Amino acid sequence: MKVDTLITNVQVFNSFLKKFEWKDVAILNEKFFSIGMSHLKDIQPIVTIDAKGDYMIPGLIDIHMHIESSMIPPSIFSKAGLSHGVTTVVADAHEIVNVFGVKGMKAFMDEETEMDIFYAIPSSVPSTTPEVETTGGFIGVEEVERLLSHPKVIALGEAMNFDGIVNDPNSLIRQILHTVQEKRPFMPIEGHVPLVSGLDLAKFMYQGITADHTQQTPESIYEKVSSGMFIELQKKSITSENMQTIVKNHFYEYCAIVTDDIMADDLLEGHLNANVRSAIEAGIPVEQAIYMSTYTPARRMGFQDRGAIVSGFKADFILLEDPAKMDISAVYKAGKSVHKKGDEIGYPETKPVFPAAFYSSVQCEKAEKSDFQIRAEGKTALCNVMRIAEVGTFTERVQREIPIKNGYLDWESSGLALIVVMERYGKTGNKAYGLIENALTEKGAIGTTWAHDHHNLMVMGTSIEDLVAAQNELVEIQGGYLTVRNKQVVSCCPLLIGGVISDAPIQIIGQQLSEVRQGMIDLGYCNSNEIMSFSTLSLPVSPAIKITDKGMFDVRSQHLIRLMEEIK
């Protein structure tokens, strides 16, 4: 019998036995045809590949991720992800949708990619309600119903609004959940369930939410899995303590390794393969780590044609020199070679093109010095302050006394940083102010339009003059990330498409973002992921206190928190 390709001298991962076996693999019409030894001796291949003893595993499947976090569109991301062995993703495009609505998601879905990119409908645009944050786009029941018929849509993206899910039966998120359950009753529903347990966890799950990808602890993993919730492990949850919990309790069937967010500079070095490697180093057996990044995620999303090397499945696979190190020799998509060790990450043959309006989306006036002066009468003000953690994206609320001088809050001498979020869509012109502890120790400012998830313009600094310079430059370049010192832009990563992505090669974006990251470190920003920590200070569903263009909010109650609690 004739086949397209025969791969010999290869150690094939058997997903059902969770072990490697010496086999020959025949590929026909982009699918695995047969896996074996003796019964393949009469096969007549067009091409024979000698794997030279390499290990063969299914292509990696990332079922919870946001392409926009890499700051590139799907066509460019496809090239980068494939180079790291990722052949299928399920993307929740709620970043571009928060900016442009359904038009943003359709623009993504219309792009041609070598990688298989499926989509989860963004369930939380905005992540809370319009009363808490202003967004450019909006997803309601009508939009969800339209998107449910799209062939690339296979899940509902992370449901985040805690108050709406748990306490308000008439909330928009409840309506969206019920719509999906009625029209696509077997569709996976992703959740955003940080620091939720006990009765609150039961209330979340009662609404049909069956997975969580947020930061975990051994206790949360055990409680959620034993309660029937599927766990998706992103980088910050891959700790030795958490992996020990999974190993001890044999939770491999109920967990998948995901990325959630990968910045452009990190994407140059790795994607899901890097998290798989980290899981192995943290104590997950090699075979189980492969299983949790291929077959388990495939089952979670209902894929019936990938995730294992078996007859009839898509011939998506990786050749590895060392599985423990995820040392990739070659990547194959639908039986065709798409990347080999040592190759540069490619760029699409045709440059991505989006609607003209996507390139001029920052409709915000340039700020002046007065925009960063806060009027107050008295001698001192007891202020509510957001304290940043050094690891992860959680914050906590503390109170500090700030002097008042000449009718203004003297925040510049307080040792704190001022953060300002400015509505950028030309709708309200809102400005909200907050104070940050454990942020910048040097004089300067940082700024971005990549502010989770509403993506308004956000600047933070210890100097009014530097804040003005940062805000003005962001408006001028139509969005991105930057750092400023002495009124001069020190580092800059322009993101001209919606203020969240760029059509430049990933190598350029990665270098620019790396320079911004170093600029933040030079200003004293201390966190395990500086970029993500800063960008999520505006995410009003991530504990415990965050800021939007409407003000500072207690995440759990969604109650507004005043900047100045008391003036003396």
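## From an annotated span to the sheet and the pockets

Between the end C-alpha atoms of residues 393-558 the distance is 18 Å, and this span consists of 22% helix and 34% strand. The coordinates belong to a predicted model, and the span itself is taken from UniProt, where an unreviewed entry lists residues 393-558 as "domain: Adenine deaminase C-terminal".

Elsewhere in the chain, the strands β6 to β13 can be followed as a single arrangement. They form an open sheet of 8 strands in the order β6-β7-β8-β9-β10-β11-β12-β13, and the pairing is parallel. The edges are held by β6 (60-65) and β13 (255-257), each of which pairs on one side only. In general, the strands of a sheet pair through backbone hydrogen bonds, in either a parallel or an antiparallel manner. Alanine 120 stands opposite alanine 155 in β9.

From the sheet we turn to the pockets. The largest pocket has a volume of about 810 Å³, and its lining comprises 43 residues, of which Gln234, Lys236, Asp261, Asn529 and Met532 lie nearest the centre. Which domains contribute to this lining? At least three residues come from each of domain 1 (59-307) and domain 2 (358-567). Considered by helix, α2 (94-100), α11 (272-281) and α16 (530-535) each supply at least two residues to the lining of the largest pocket, and α11 gives the most, with 4 residues. By residue class, the lining of the largest pocket divides into 10 nonpolar, 22 polar and 11 charged residues.

The second largest pocket holds about 440 Å³ of space and is lined by 17 residues, with Ser75, Glu111, Glu112, Pro348 and Thr350 lying nearest its centre. Two or more residues of this lining are given by each of α1 (74-83) and α3 (102-109), and α1 gives the most, with 3 residues. Here the lining divides into 5 nonpolar, 4 polar and 8 charged residues.

How values were computed:
Residues numbered from 1 in each chain as written. Predicted model: local features only at pLDDT ≥ 70, side-chain atom pairs only at ≥ 80, totals over all residues. Heavy atoms only, no water. Pairing = 2+ DSSP bridges. UniProt positions renumbered as here; feature names shortened; annotations may be inferred. 1 Å grid on protein atoms, 1.4 Å probe; cavity = no way out; pocket = protein on both sides within 12 Å on 5 of 7 lines; lining within 4 Å. Points joined across faces, edges and corners; volume = space filled by probe spheres on them. Nonpolar A, V, L, I, M, F, W, Y, C, P; charged D, E, K, R; others polar. Domains from an automatic or database assignment.
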